[in-house]
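Please consult the sequence and coordinates alongside the text.

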Amino acid sequence: MKIRKNPELILRRIAGETVLIPTGSFAAAFNGIIHLNGPAAFIWEQMERAKSREELAQSLFDRYEIDEETARKDVNGFLDTAAYVGYAVDEEA
């Protein structure tokens, strides 16, 4: 299964901050920018390569040296929120 990003969100690094900037029709519906912390930015960037939530959790585990359960909770929390607010579509959920 694949996790798709909303193509109307563009990742940018501005003044040391990682943000998602809405474009197109999403910009009309969402007024502002989305700030991502380090792990959230990492998950966002890995979404293009990962084929599943478990693969994303493994990547997060490897990168941040956290326990596997925390990695799974972080990935699930991020993806569930992203799907709820329209940042991404998790075809696996």
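## Backbone, helices and salt bridges

Alanine 15 lies in the loop between S2 and S3. The model is predicted, and every value reported here is computed from it. Phi of alanine 15 is near 50 degrees, a positive value in a residue other than glycine. Most residues other than glycine have a negative phi. With a relative accessible area of 80%, alanine 15 is exposed, because the threshold for that class is over 50%.

Glutamate 65 also has a phi near 50 degrees, again a positive value in a residue other than glycine. Its place is in the loop between H3 and H4, where glutamate 65 follows H3. The relative accessible area of glutamate 65 is 72%, so this residue too counts as exposed.

**Helix H3.** The helix that precedes glutamate 65 comprises the 12 residues 53-64. Which residues of H3 are buried? They are Arg53, Leu56, Ala57 and Leu60. Viewed down the axis of H3, these buried residues fall within an arc of 100 degrees and therefore line one face of the helix. In general, an α-helix has 3.6 residues a turn, so residues three or four places apart point the same way.

**Helix H2.** Residues 38-46 form H2, whose buried residues are Ala40, Ala41, Phe42, Ile43, Trp44 and Gln46. What covers the buried residues of H2? The cover includes the strands S1 (3-5), S2 (9-14), S3 (17-22) and S4 (34-36), together with the helices H3 and H4 (68-85). At the start of H2, a side-chain oxygen of asparagine 37 comes to within 2.8 Å of the backbone nitrogen of alanine 40. Alanine 40 is itself one of the buried residues of H2.

**Salt bridges.** Side chains of opposite charge can pair when their charged atoms come close. The structure holds six salt bridges, and the table lists three of them.

| Glutamate 48 | Lysine 5 | 3.1 Å |

The side chains of lysine 5 and glutamate 48 meet in a salt bridge. This pair links distant parts of the chain, with lysine 5 in strand S1 and glutamate 48 in the loop between H2 and H3, 43 residues apart. Glutamate 48 counts as exposed, at 54% relative accessibility.

Glutamate 54 is partly exposed, with a relative accessible area of 42%, and arginine 72 counts as partly exposed at 28% relative accessibility.

Because glutamate 69 and arginine 72 are three residues apart in helix H4, about one helical turn separates them. Glutamate 69 is partly exposed, with a relative accessible area of 38%. Salt bridges that share partners join Glu54, Glu68, Glu69 and Arg72 into one network.

**The chain as a whole.** How many helices and strands does the chain contain? There are four helices and five strands, and from the N terminus on the elements run β-β-β-α-β-α-α-α-β. A compact globule of 93 residues would have a radius of gyration near 12 Å; the chain has 13 Å, which agrees. Along its principal axes, the C-alpha trace spans about 40 × 30 × 20 Å. Of the 93 residues, 33% count as buried. Among contacts between residues at least 6 apart in sequence, 49% join residues at least 24 apart.

Key:
Residues are numbered from 1 along each chain as its sequence is written. This is a predicted model: local features need pLDDT of at least 70, side-chain atom pairs count only at pLDDT 80 or more; totals for chains, interfaces and linings use all residues. Side-chain values use heavy atoms; hydrogens and water are left out. Helices (H or I, at least four residues) and strands (E, at least two) are DSSP runs, numbered from the N terminus. The expected span of a helix is 1.5 Å times one less than its number of residues. Buried means under 20% relative accessible area, exposed over 50%, partly exposed in between (1.4 Å probe, protein chains only). The arc is that of the directions from the helix axis to the C-beta atoms. Contact means heavy atoms within 4.5 Å. A polar contact is a pair of N or O atoms within 3.5 Å; within protein, one must be able to donate a hydrogen and the other to accept it, and residues adjacent in sequence count only if both atoms are side-chain atoms. A salt bridge is a side-chain nitrogen of Lys or Arg within 4 Å of a carboxyl oxygen of Asp or Glu. The radius of gyration is taken over C-alpha atoms; the globule rule is 2.2 Å times the number of residues to the power 0.38.
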